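The questions below ask how the labels attached to side chains follow from computed values. Each answer sets a value against its cut-off and then concludes.

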Amino acid sequence: MKSLIKKIKSSKLSVILRNNLNYRSIPFNFKKIKYSSVSDAFLWRTDNGFSTIFKYTDILKLFFKIEDSYIEIIFYSKENKLIKKLIINEMDYSNEILIDSELLNNLKDYGTFYIYHFTNQKIEN
């Protein structure tokens, strides 16, 4: 009987209802996640003498104490064409990168970039 109640409580419908009713809401469900990829999107600009300083955190190390995480930063032009892909393996808790025309092959323009956080470890609850 207890296992049936647990299954009902953790079902997708139950989680949706609980979160929408704000009753014992569940912010994340990691049961089916083996490895993570967390992403976000940002703007960059290098024209007219501008540069972008991007500060980021090793969130997998900060929240999950995972030591071997790495990030990929993928840059796109304003036309959504791939410009460059960076992989950064060694990070501190707090990091920053200068996005200027030199980093982007002397391009003086603007566009978007995405940062992905990866690990090869399984994330436990």
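Q: Why is Glu 72 called buried?
A: Glu 72 has a relative accessible area of 13%, and buried means under 20% relative accessible area, with exposed being over 50% and partly exposed in between (1.4 Å probe, protein chains only), so Glu 72 counts as buried. This is a predicted model, in which local features need pLDDT of at least 70 and side-chain atom pairs count only at pLDDT 80 or more, while totals for chains, interfaces and linings use all residues. Residues are numbered from 1 along each chain as its sequence is written, and side-chain values use heavy atoms, with hydrogens and water left out.

Q: What makes the contact between Lys 85 and Glu 72 a salt bridge?
A: The N to O distance between the two side chains is 3.7 Å, and a salt bridge requires a side-chain nitrogen of Lys or Arg within 4 Å of a carboxyl oxygen of Asp or Glu, so the pair qualifies. The pair links distant parts of the chain, with Lys 85 in strand β4 (residues 82-88) and Glu 72 in strand β3 (residues 70-77), 13 residues apart; strands here are DSSP runs of E with at least two residues, numbered from the N terminus.

Q: How many salt bridges does a search of the whole structure find?
A: The search finds four salt bridges, including one between Asp 47 and Arg 45, whose closest N and O atoms are 2.5 Å apart. Asp 47, with a relative accessible area of 16%, is buried, whereas Arg 45 is partly exposed at 33% relative accessibility.

Q: Which residue forms a salt bridge with Asp 109?
A: Lys 78 does, the closest N and O atoms being 3.1 Å apart. Asp 109 is buried, its relative accessible area being 13%, while Lys 78 counts as partly exposed at 43%.

Q: How many aromatic pairs are counted, and by what rule?
A: The count comes to eight aromatic pairs, where rings of Phe, Tyr and Trp (its six-membered ring) pair if their centres lie within 6.5 Å, and planes under 30 degrees apart count as stacked, over 60 as edge-to-face and the rest as tilted. Phe 75 and Phe 113 form a tilted pair, with 5.4 Å from centre to centre and 35 degrees between the planes.

Q: Why is the pair of Tyr 76 and Tyr 114 called edge-to-face?
A: The ring centres of Tyr 76 and Tyr 114 are 5.8 Å apart and the planes stand at 80 degrees, so the pair is edge-to-face. The pair links Tyr 76 in strand β3 with Tyr 114 in strand β6, 38 residues apart. Tyr 76 is partly exposed at 22% relative accessible area, and Tyr 114 is partly exposed at 27%.

Q: How do you know that the charged end of Lys 61 sits over the ring of Tyr 93?
A: The charged end of Lys 61 is 5.3 Å from the centre of that ring, and the rule asks for NZ of Lys or CZ of Arg within 6 Å of the ring centre and within 35 degrees of the ring normal. Tyr 93 is placed in the loop between β4 and β5 and counts as partly exposed at 41% relative accessibility.

Technical notes
Helices (H or I, at least four residues) and strands (E, at least two) are DSSP runs, numbered from the N terminus.
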